[in-house]
Amino acid sequence: MSVIEVRSMNSAYLRVLAENGIAYELQDYFTFEVPGAKYTPAYKRRVWDGKIRLFNAYSGLLPAGLMDYLATFAKDRNYELRVDSSVAQPEIKFDCDKVKGFIQSLKPTANGTPLEPHDHQVDAVCHALNQSRCVLLSPTASGKSLAIYSMVRYYQNAIAPNKKILIIVPTISLVAQLYSDFKDYSSTVDWDADRNCHRIVGGEAKLTTKQIVISTWQSIYKLPRAWFDNFEVVIGDEAHLFKAQSLNTIMNKLIDCPYRIALTGTLDGSKIHKLAIEGLFGPVHRVITTKELMERNLLTNLRIECLMLRYPPEVRKTVCGLDYHSEIEWLVNCEKRNEFIAFLASAARGNTLVLFNYVEKHGKPLYELIKKTAITEIENRKVFFVAGETELEQREGIRSIVEKEDNAIIVASYGTFSTGINIRSLKNVIFASPSKSRIRILQSIGRQLRKCEGKHIAKLYDIADDLHHGENLNYTLQHFLKRVKIYESEQFRYKLVKLPIDLRISRPMEGRA
């Protein structure tokens, strides 16, 4: 029987020893085509074949989080797998009752009553502590910040005093929000967030004596390996948003960091995305779904209205002949479409979030149009604008203001407000720009599902554009059909409303490239 030997190289990699034929078989097994690779400059220049190889037959290195896949590979082919003791899985130490008691001890309320974590939060923390390496798949608004806080407090007591905990997040807003959550959770106990936590954003100091470091990946991925040497625990929040190469760089520098936990609400559905994250952290563990949270009355019920804008035949005939970028350019400059979005945002009752893609050519004109429309109403609604250029303090200020409002409008870019922003009182979301990204769509939906007093239904208005001609479907209509498949896969109920939109072609348009 052929033999595969597995040893631990470090916390990031396993070394796999096998005869050449098996090594190349393994390399093929861990080779995947990247979705959309053919559109990248590297592929077009023929300097990349559009594939990612997670195992290198020459070096024998395999990301440590893929041990389970290696075991499956060997079993399916009847190869003997010899695993060195250095790769041994941790023994189960915790049951759910013990973990629940630990979480309750971390945050007694003002009157002494302990916090009651939900079962899925207990499951997430219990699984992470028992496995040491994993990806926790749990949707937006499922209480991931409490799970992170609980794990941090446990590891802080479990690791040596000179060892540190690194929490990586994708945006500066999440650095501020997670730190704020930690302060809230510890408000009635003798644990001070400021004394224990150091935040790194922008030009903040990279060196600290504090044991817990909260940072964006952008702020640390270029730091020398020596900076990472004292970290024994790494927790990646919203891990799906990390730039792949930068996250690889960080995780490969954490060579003496055995505890690796990632949290994410969504994966993009591709196998390579799942395995790439699992290789860095560990196997995916689904904690709970959005549908289950709604059924348990832990999230607000969602109502999706797909508003299909149907354009005149002469317009469809011309626009359907455009390439993708020209079609988008036409849509964001379509006055009637933008007026419809402004009217919809102004007519929606309750705090409303309008999400767009392009700041200068769509977001800012939409903001001015919505502001003009909303101010003409009797309520004189507050309208805010948020994009990448908006300073962190201003974003947080807007979030805080809207949390206290009941009828404000935020016009924001997907990049700033589709992930991580917590506004419990948000009732409506409008997709002003088309998208087919599973991650972006589900994260955007998650922004409005948190429960609050007086909010019984959250509404999503998905604007679709029917510009098909004959049997040819325009690009953004194809994207809408992919969004519908996502709604169906998540068991979200949706309603399709077809609305005619009357306009005339106001400028010349070039044909498909």
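Modeller: Bear in mind that this is a predicted model. At the start of α13, Asp323 has a side-chain oxygen within 3.3 Å of the backbone nitrogen of His325.

Colleague: And which residues of α13 are buried?

Modeller: Helix α13 covers residues 324-332, and its buried residues are Glu327, Ile328, Trp330, Leu331 and Val332.

Colleague: Different topic. In the largest nonpolar core, which residues touch the most other members?

Modeller: Met151, Ile167 and Phe182, out of 77 residues in that core. Helix α6, residues 144-158, gives the most to this core, with 8 residues.

Colleague: What is Ile167 in contact with, leaving aside neighbours within four places in sequence?

Modeller: Its contacts include Ile148 and Val152, then Leu178 and Phe182. Ile212, Val213, Ile214 and Ser215 are also in contact with Ile167, as is Ile235.

Colleague: How many residues are in the second core?

Modeller: That separate core has 30 residues, among them Leu309, Val319, Leu344 and Phe356.

Colleague: Now the open sheet of 4 strands. What's the order?

Modeller: β5-β2-β1-β6, with mixed pairing. The edge strands, β5 (61-63) and β6 (80-83), each pair on one side only. From one strand to the next, the twist averages 30°.

Colleague: Are β2 and β5 parallel or antiparallel?

Modeller: Antiparallel, over 3 bridges, with β2 spanning residues 13-17. Arg15 stands opposite Leu61 in β5.

Colleague: Which strands does α3 lie across?

Modeller: Helix α3, residues 67-76, lies across β1 (3-8), β2, β5 and β6. It runs at about 150° to β6.

Methods: Residues numbered from 1 in each chain as written. Predicted model: local features only at pLDDT ≥ 70, side-chain atom pairs only at ≥ 80, totals over all residues. Heavy atoms only, no water. Core = buried A, V, L, I, M, F, W, Y, C linked by side-chain atoms within 4.5 Å. Buried < 20%, exposed > 50% of the residue type's maximum accessible area, 1.4 Å probe, protein only. Helix = DSSP H or I, 4+ residues; strand = E, 2+ residues; numbered from the N terminus. Contact = heavy atoms within 4.5 Å. Polar contact = N/O pair within 3.5 Å; in protein donor to acceptor, adjacent residues only side chain to side chain. Pairing = 2+ DSSP bridges. Axes fitted to C-alpha atoms, helices over the stretch in contact; angles between N-to-C directions.
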